[in-house]
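Subject: Structure for you to look at

Dear colleague,

I am handing over the structure we spoke about, and below it you will find my notes. Please open it beside this message and read the two together.

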Amino acid sequence: MQNLLKSDFYKLFKMKSFYVCAIIATAMAAISMFLDSQLNNMMQSMSDTVGDMMTSQMVTLKNILPTIISPTGDWFILVIIGVCLFITIEYNAGTLKNIAARGFKREYIFLSKLIVCVVEAFIITLCFAVSCVIFGFAFLGVPTGGFGDGYFTELFTIYGVDILILIGYVSLIAMVAYLIRTNGGTIAITLCAHYLVPVIITMFNVVTIMNDTSDSDLEKMMSYTSNQYGQAAYYWIGTLGGAVSESYHNGTIYIPILVALAYIVVSGAIGMLVFKKRDIK
Amino acid sequence: MEYALRTFELTKKYGEKLAVNNVNMNIPKGEVYGFVGKNGAGKTTLIRLVLGLANPTSGNFEFFGGMNNYKARARIGNLIESPAIYPNMTGQQNLTIFCKMLGVNEEKIPELLNLVGLNDVGKKKAKDYSLGMKQRLGIAIALLGDPEFLILDEPINGLDPSGIIEVRDLIIKLNKEFGKTVLISSHILGELSKLSTCYGIISNGMLVEELTHEELISRCTATTVIKTNNPEKAKQIISNLLADKYGTVPTLSINNNGAVVIGSAIEDTGSVTKALFMNDVVVESLTTAGSDLENYFVERMG
């Protein structure tokens with residue numbers, strides 16, 4: 001297993017796609033912070049006309065930091081692409097047979113690749129996050145009034161849960177890669193899921209709210225949002241990151257933790273089973 | 001006798017099709033086993049089964065007299081179908097990956113590249129290699145870790161004549177000097193016959209025959225078969241005649257049917273029948289049997 005990891009890490013650090021994804025993630029963060037700063041400038045100038053309503057909508061480092069490693073943003077497609085390519089290259093090049101035929105158990109081959117994929121995802125995420133912090137400070141500056149008491153405790157708790165969600169998402173992508181076994185198909189399916197499932201969740205939310213039997217629209221909305229366990233966003237790994245902060249404040253942080261763990265276990269089990277049972281071409 | 005590989009009624013079914021059908025294969029240690037069969041006969045499928053790339057439908061196999069399959073495969077090098085290499089990496093990098101995977105010292109890489117004739121490819125990426133170069137790199141990967149048993153599926157595909165000779169000489173050297181057992185499958189019967197010490201012939205998923213190189217030669221030698229009413233007397237007469245006529249006598253024997261078998265094709269059969277007639281031996285039938293190597297394999301493969 002140790003040798004498999006050494007060889008997989010060597011492969012990862014020789015792959016151009018890994019560096020390209022990391023560089024693009026860094027650039028996306030920088031551009032995003034710059035655009036936010038420009039938006040803030042516009043809102044500041046508009047506040048002279050319409051008052052403080054605009055300034056309250058301004059982007060600050062304080063409200064950005066909790067989201068920077070959440071796998072909900074557009075930048076996460078770079079992680080998806082990186083992970084898909086790393087696993088499927090073995091099928092495309094046919095090199096998986098060289099590994100499997102040398103006496104390595106399939107469980108170890110699967111685990112080694114999963115571990116390296118998690119590290120790859122973490123590195124790309126780190127590139128995005130560090131770039132956000134550096135360029136966030138540069139373009140947005142320190143928030144007025146500082147960060148406040150308890151902010152960093154909450155922040156690192158959220159980061160801990162986000163890392164678990166990241167691992168869950170990588171497990172899911174790996175499972176899809178072992179099921180589909182081609183890089184085009186795997187990337188297509190995971191990208192579609194990344195964008196489509198949140199849309200389906202939104203539709204589900206709207207239908208649920210509309211079908212609520214409360215008298216007013218406000219009551220219907222309140223009824224839905226007060227039901228912590230019934231919200232669909234809590235159960236899809238791609239939207240779970242967006243619910244972590246809210247669940248922290250509601251005392252239901254255990255929901256995203258359990259859901260992330262469930263994704264890790266179930267995706268990992270299915271992926272491993274499929275890989276073990278199927279013939280390697 | 002020690003065996004590198006034995007299979008016991010090994011079977012693989014895809015839907016209704018029996019790709020490998022109750023195969024009992026025996027590869028003695030230290031031999032070069034030529035695995036012959038038509039396209040789609042089941043050669044690659046059987047190789048994939050024993051290497052753990054496919055799950056058998058039924059049957060079993062064992063390496064090195066019953067060793068655990070995972071441990072045994074660590075002692076086996078293989079090249080299956082087309083060479084599997086990382087296209088965006090150089091030959092050196094490809095070998096480095098497998099060195100790390102197998103825990104082999106990377107200092108052996110230049111020696112291996114030299115052995116397979118890839119010592120001057122520099123920083124060329126594997127995707128830019130010719131088919132022959134890719135094949136050589138695949139063989140180099142198979143040789144990593146100094147395996148005891150080499151399984152090579154069509155290793156000379158895409159090689160030019162000088163490359164074929166180099167690979168042949170390499171396999172013979174690995175077998176004779178280093179005692180490695182080799183299973184080699186190929187369609188090029190001429191090449192197989194130059195290096196194999198034993199053969200397995202597969203047809204429609206079934207192992208039709210296993211034979212040694214000597215057995216193959218004896219079956220492919222042309223013979224003359226003469227059935228008479230007095231085989232012992234006929235044998236003596238023929239021996240005297242051939243000794244007088246040619247100075248040497250080929251092998252003479254009497255088979256189970258009581259016919260005299262001469263171990264070569266006789267052109268002047270008229271002299272033989274005349275000599276037998278003059279000595280009151282009645283010739284009931286006279287035929288020439290046997291075939292060349294290619295015909296023999298083609299007949300057995302169906």
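Does F64(B) count as buried or exposed? Please keep in mind, for this and for everything that follows, that the model is predicted. F64(B) counts as buried, because its relative accessibility is 14%, and buried here means under 20%. The ring of F64(B) forms an aromatic pair with that of F149(B), and the arrangement is edge-to-face, with 6.4 Å from centre to centre and 75° between the planes. F64(B) belongs to the loop between strand 5 (58-63) and helix 2 (69-73) of chain B, while F149(B) is part of strand 7 (residues 149-153) of chain B, so the pair ties together parts that are 85 residues apart in sequence. F149(B) counts as buried too, because its relative accessibility is 0%. Over all chains, the structure holds 21 aromatic pairs, and in chain A ring pairs link W75(A), F76(A), F128(A), Y169(A), W236(A) and Y263(A) into a cluster.

Still on the subject of rings, Y70(B) has charged groups placed over it. The charged end of K105(A), which comes from chain A, sits over the ring of Y70(B) at 5.5 Å from its centre, and R73(B) lies over the face of Y70(B), at 5.9 Å from the ring centre.

Elsewhere in chain B, helix 1 (residues 43-50) is mostly covered, since eight of its eight residues are buried. After helix 1 of chain B comes G52(B), which has a positive phi, near 80°.

Turning to chain A as a whole, you will find 12 helices and zero strands. The C-alpha atoms of chain A fill a box of roughly 70 × 50 × 35 Å along the principal axes, and 47% of the 281 residues of this chain count as buried. Among the contacts in chain A with a separation of 6 or more, 79% are between residues 24 or more positions apart. The accessible surface of chain A comes to about 13200 Å², and carbon and sulfur atoms account for 69% of that area.

On that surface there is a nonpolar patch, which is formed by I31(A), F34(A), L35(A), F122(A), L126(A), V130(A), I134(A), F135(A), F139(A) and I163(A), and which has about 850 Å² of accessible area together. Helix 2 (16-50) and helix 7 (106-140) of chain A are the elements that give two or more residues to the patch, and helix 7 of chain A gives the most, with six residues.

If neighbours within four places in sequence are left aside, S131(A) is in contact with T26(A), A29(A), A30(A) and G136(A).

With kind regards

How values were computed
Residues numbered from 1 in each chain as written. Chains lettered and ligands numbered in written order. Predicted model: local features only at pLDDT ≥ 70, side-chain atom pairs only at ≥ 80, totals over all residues. Heavy atoms only, no water. Phe/Tyr/Trp six-rings, centres within 6.5 Å; stacked < 30°, edge-to-face > 60°. Helix = DSSP H or I, 4+ residues; strand = E, 2+ residues; numbered from the N terminus. Buried < 20%, exposed > 50% of the residue type's maximum accessible area, 1.4 Å probe, protein only. Lys NZ or Arg CZ within 6 Å of the ring centre and 35° of its normal. Patch = residues over 30% accessible without salt bridge, like charges linked within 9 Å, V, L, I, M, F, W, Y side chains within 5 Å. Areas by Shrake-Rupley, 256 points an atom, 1.4 Å probe, with all protein chains shown as cover. Salt bridge = Lys/Arg side-chain N within 4 Å of Asp/Glu carboxyl O. Contact = heavy atoms within 4.5 Å.
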